[in-house]
Amino acid sequence: MKVLFENVAIRGMATAVPSECLDLFSLGSQFGEKEVKKLIASTGISKIRVAPPQVCISDICEAAARNLFQELAIEPASIDGVVLVSETPDYLVPPTSFILQEKLGLSKDIVAFDINHGCSGFIYGLYQASMLVSSGGCRRVLLCLGDVATRRVHPQDKAVRMMFGDSGSALLVERGAGSLRFHLMSDGMSHRALVIPAGGAKKPCDATTSLPEAYGKNNVRSEETLHMNGMDVMYFALREVPPMIEEMLADTGWSKEEVGTFALHQANRLILDQLVHKLKLPKEAVPFGVGEIGNSAPSSISTMLCVKHKQLEAEERLEKVVACGFGVGLSWAAV
């Protein structure tokens with residue numbers, strides 16, 4: 001699917017992360033120091049942010065949204081749409097967007113809903129917010145994204161425990177002098193590559209679903225935690241992402257040299273390096289900004305952009321950006 005939205009602009013973006021941090025080198029006694037150092041070297045992730053037990057994604061996104069409102073001098077009452085993208089909602093019912101509406105003191109004259117999405121969630125959420133604005137139904141949409149991903153991994157599953165972290169982002173999408181071009185794809189035939197088998201209506205949690213099961217080399221997970229086929233996901237990304245980005249550039253009429261940042265889903269440094277090679281891009285154009293935060297799925301791109309923005313000098317902050325998310329679904333999408 002391809003679509004171009006005119007007169008839609010991203011006014012601002014903010015990210016919040018928990019203060020608690022787990023140094024992955026400390027896991028050497030559990031997984032073996034040599035194995036831990038090897039994984040850190042390949043993923044580029046040396047620390048992950050971990051939300052305390054009482055903190056949910058609504059709390060983290062609330063912090064990001066309040067910062068955004070303050071920085072942009074925005075009155076909460078001016079928001080007429082709120083969209084939350086997360087795989088870790090506060091409750092099964094109601095949608096967490098309603099919790100955010102209450103926390104932020106937003107108007108009752110508002111549309112609010114959740115999108116259950118992960119690695120491509122930044123693009124899918126931005127697409128939905130842009131549709132709300134472009135249709136004329138909303139003037140200003142608050143888009144919140146993020147996961148408390150550490151709640152969904154087994155502590156003895158080193159493949160995912162040493163990769164996923166917690167963070168949340170808030171974006172303000174409104175009518176304005178701008179345009180956003182989208183390209184979205186999905187492949188439900190491959191959904192088992194990233195799945196939590198138990199906890200939904202298909203397989204409710206019971207006395208057996210939390211029991212540990214061994215897999216691979218010294219890895220443990222349960223049916224209630226994330227099952228990830230890392231090699232399948234990596235091959236999928238290397239196969240599908242480069243042609244999508246090339247097609248996006250052709251549709252936009254931009255050369256690779258014109259693009260200041262290729263903001264790719266922050267899965268890990270290894271995948272990004274492989275994509276840099278396949279796309280023949282300068283490494284500095286594909287930043288990796290979550291080495292001390294972790295992969296937070298729907299908010300990974302926005303988290304990286306906020307980290308990068310904070311590091312740049314003022315005159316460097318205006319640039320063309322191509323963002324691309326890929327993963328759970330399986331899905332891949334660019335803007």
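Select Lys-103 and show its side chain: this residue is partly exposed, with a relative accessible area of 26% (buried means under 20%, exposed over 50% and partly exposed in between, using a 1.4 Å probe and protein chains only). Before you click further, note that this is a predicted model, where local features need pLDDT of at least 70, side-chain atom pairs count only at pLDDT 80 or more, and totals for chains, interfaces and linings use all residues. Numbering starts from 1 along each chain as its sequence is written, and side-chain values use heavy atoms, with hydrogens and water left out.

Glu-62 forms a salt bridge with Lys-103, and the closest N and O atoms are 4.0 Å apart (a salt bridge is a side-chain nitrogen of Lys or Arg within 4 Å of a carboxyl oxygen of Asp or Glu). Glu-62 sits in helix α3 (residues 57-72) and Lys-103 in helix α4 (residues 96-104), so the pair links distant parts of the chain, 41 residues apart. Helices here are DSSP runs of H or I with at least four residues, strands are runs of E with at least two, and both are numbered from the N terminus. Is Glu-62 buried or exposed? It is buried, at a relative accessible area of 17%.

How many salt bridges does the structure hold? There are 15. For another one, pick Lys-2 and Asp-251, whose side chains meet at 2.8 Å, N to O. This pair also links distant parts of the chain: Lys-2 belongs to strand β1 (residues 2-16) and Asp-251 to helix α7 (residues 230-252), 249 residues apart. Lys-2 counts as partly exposed at 43% relative accessibility, and Asp-251 is partly exposed at 33%.

Next, go to Arg-221. Its side chain meets that of Glu-213 in a salt bridge (3.8 Å, N to O). Show Tyr-215 too: the charged end of Arg-221 sits over the Tyr-215 ring, 3.8 Å from its centre (the test is NZ of Lys or CZ of Arg within 6 Å of the ring centre and within 35 degrees of the ring normal). Arg-221 is buried, with a relative accessible area of 16%, while Glu-213 is partly exposed at 31%.

Time for rings: select Phe-5, Tyr-127 and Phe-182, which form one aromatic cluster. Rings of Phe, Tyr and Trp (its six-membered ring) pair if their centres lie within 6.5 Å; planes under 30 degrees apart are stacked, over 60 edge-to-face and the rest tilted. Both Phe-5 and Phe-182 are buried. The rings of Tyr-127 and Phe-182 have centres 5.5 Å apart and planes at 70°, so they pair edge-to-face. Tyr-127 lies in helix α5 (residues 121-134) and Phe-182 in strand β7, so the contact ties together parts that are 55 residues apart in sequence.

Last stop: Trp-332 in strand β14 (residues 331-334). Trp-332 and Ala-334 point one way, Ser-331 and Ala-333 the other, and all are buried. Finish in the β13–β14 hairpin, with three residues between the strands, where Gly-329 takes a positive phi near 140°.

Definitions and conventions: Two strands pair if DSSP finds at least two bridges between them.
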